[in-house]
Structures are given as structure tokens and as C-alpha cells.
Amino acid sequence: MTSTPQKIGFIGLGIMGAPMALNLIKAGHQLFVYTRGKVHGDIAASSATQCTSPRGVAERADVIFTMVPDTPDVEKVLFADGGVAAGLSKGKTVVDMSSISPIETKAFAKRINELGCDYLDAPVSGGEVGAKAASLTIMVGGPQAAFDRVLPLLQLMGKNITLVGGNGDGQTTKVANQIIVALNIAAVGEALVFASKAGADPAKVRQALMGGFAASRILEVHGERMIKRTFNPGFRIQLHQKDLNLALQGAKALGVSLPGTANAAQLMQACAAHGLADSDHSALVRALEILAKHEVAAG
């Protein structure tokens, strides 16, 4: 139990949002929640108050977190009839932890600021495992004072928490993160397909590489997924596709070239075309396996 429980709103109780909200509840905060469909599991059995609309959440809470799939979802939650904006009063803070467009984020922040409220964009990295363990990396954009106020709450959900800059900079950092992750998944996939087709044991190859300069969190976690064929989602291909599209759209606007990102996006598109959109993003290796007519390991 925290010494000063707060009234907190949480909108979006999916794979990531539910465990994040649960960590706030476990710390003793009073939560007001809303999600599409029914509230299930530990949240339903908890002390959280279930609201019938985002507006209801905003009316009751002082800090409102949103964790939904894409830019249009955030816009709807915030500004549609019955949205968060309709329930805000001066002095409240909105914290969007979704991964969305940096450009639209700046526009959303401006509209919330005009209501006398602060806005932070605070996307996360670490997947379902990090959400459950409260070990997420959180990349924040917004005013220092608002960040300082919300930081104790963010620390209940994550470990590596950085105020990068102003509104939109958190989302820009998340896009950069997703570029790195996607290219690393592709690299690990290529290496394991190559090694396996050459006749080497991919598990032993992975073990050897983990002791060298090629070691990475992606090789450790997703390399194991590729070998064990455990593609149940921690982070779905379709969501990573969305993030890479944001990167490519931003690159076009900025006049920069991201050839590796474009290649990874096409590999994910190939996976989606083969019915893998809802699989974990480590299943990107399936596109490489199809090209090679060889699987890293037996299913």
C-alpha cells in the first residue's frame, strides 16, 4: 500500500494494459477502468471501479492512463462523444502509453492542454513479460513538472524511465525502438535459418552466440521462440507492422531513407499474408523460412 493513494484512471486492458493496471492496484491506488468489451480476470476481481465510458474514467480520476492499439483508437478514446476530454477538469493529467504517431501526439497534447490539463506521451517497451514484472522501459515526452508528478506511478510499471523531451518525443523514441527490435529479429531469423539449413543445431548455435558480440536480448528471447516454435503473442506482428509504418511515414516526411526498416516491414507483411498477423513478432522468421524452404526447427 502506498502512503498516498491516488485516484487513477486506466483505459485499455489488453495484453499489456491489464497487468500494468494491476500493478497500480497492488500498490494501493484507487483505479477507475474502462476497456472495450468486458473486464476479465484479476482486474474484474480487484477493487477497481468499472466505468461505462472514457468520460466516466476522466471524471473520477486525477491521472488518466490510456493503453490502446493505434492512433485512431487514442483519438477516439480522448475526443469522441463520451471521451476523456469531455470528463476532464483543470489540473488533471492524461498519460498515453500507447504506441502511436508522434505527429498526431503533438496535436492531441495541444487539445488536452487547451482544457487546462497536462499531457504526457509515455510509450513502453518490454512486452507482456515486462508489463507483468513491472520492468517496462518507458519513454516519455512532455513537461518536466508533469513528468515529476507522474513518475512515482510510472515506477510502479517500469524500471528504465526517461523524459526524452517535449510532447511527441516519447513516441519518436518508441518508433526508434521498434526499428531496432524489428531489424534484430530479422537478423536473428536470418542467422538461425542459415545455420539450421547448413546442418548445425540451432539451439547450440544460439547458445554459442550468446557468449559473443552477437549476444542480444532478441537472440536470447526471440531466438529461443524461433527454435521452440512458441509464437503465441507477447507482441503481435500486426502491431509491429503498425509501428514500422509509423517509422516509414515519418521517414518520408523527414526525407530520410530507412531501407532496413522497409525490408523488415515487408517480411512482416509476408507473415501477415500467410495468416500470422496475430502471432508474436518473432514469427517474422517464418517469412525467411518460406523463402528458404526450410524451418529453423521442427514444429
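## Asp243 and helix 12

Leaving aside neighbours within four places in sequence, Asp243 is in contact (heavy atoms within 4.5 Å) with Ser99, Val175, Gln178 and Phe235. Asp243 belongs to helix 12, residues 237–254; helices are DSSP runs of H or I with at least four residues, numbered from the N terminus. Because its relative accessibility is 2%, Asp243 counts as buried, a term for residues under 20% relative accessible area, with exposed meaning over 50% and partly exposed in between (1.4 Å probe, protein chains only).

The model is predicted: local features need pLDDT of at least 70, side-chain atom pairs count only at pLDDT 80 or more, and totals for chains, interfaces and linings use all residues. Residues are numbered from 1 along each chain as its sequence is written, and side-chain values use heavy atoms, with hydrogens and water left out.

## Second largest pocket

Helix 12 also takes part in a pocket: it gives the most to the lining of the second largest pocket, with seven residues. Helix 6, helix 9 (169–197) and helix 12 each supply at least two lining residues. A pocket is found on a 1 Å grid over the protein atoms alone, as an open set of points where a 1.4 Å probe fits, with protein on both sides within 12 Å along at least five of seven lines; lining residues have an atom within 4 Å of a point.

The volume of the second largest pocket is about 370 Å³, taken as the space filled by probe spheres set on the points, which are joined across faces, edges and corners. Its lining has 17 residues, and Pro102, Leu246, Gly250, Ala251 and Leu254 lie nearest the centre. By class the lining has twelve nonpolar, four polar and one charged residues; Ala, Val, Leu, Ile, Met, Phe, Trp, Tyr, Cys and Pro count as nonpolar, Asp, Glu, Lys and Arg as charged, and the others, Gly among them, as polar.

## Aromatic pairs and Phe79

The count of aromatic pairs comes to two, where rings of Phe, Tyr and Trp (its six-membered ring) pair if their centres lie within 6.5 Å, and planes under 30 degrees apart count as stacked, over 60 as edge-to-face and the rest as tilted. Phe79 and Phe108 form a tilted pair, 5.7 Å centre to centre with 55 degrees between the planes. The pair links distant parts of the chain, 29 residues apart: Phe79 is in helix 4 (residues 71–79) and Phe108 in helix 6 (residues 102–113).

Both Phe79 and Phe108 are buried. The charged end of Arg111 sits over the ring of Phe79, 3.7 Å from its centre; the criterion is NZ of Lys or CZ of Arg within 6 Å of the ring centre and within 35 degrees of the ring normal.

## Ser282 and helix 14

Ser282 lies in the loop between helix 13 (259–273) and helix 14. Its relative accessibility is 0%, so Ser282 counts as buried. Beyond neighbours within four places in sequence, Ser282 is in contact with Ile185, His222, Arg225, Met226 and Phe231. Ser282 and Glu114 are 168 residues apart in sequence and 41 Å apart in space, C-alpha to C-alpha.

In helix 14, the buried residues are Val285, Ala287, Leu288, Glu289 and Ala292. These buried residues pack against helix 9, helix 11 and helix 13.

## Positive phi angles

Arg229 is not a glycine, yet has a positive phi of about 65 degrees. Arg229 sits in the loop between helix 11 (217–228) and helix 12, and counts as buried because its relative accessibility is 15%.

Lys293, also not a glycine, has a positive phi of about 50 degrees. Lys293 is found in the segment after helix 14 (285–292). At 78% relative accessibility, Lys293 counts as exposed.
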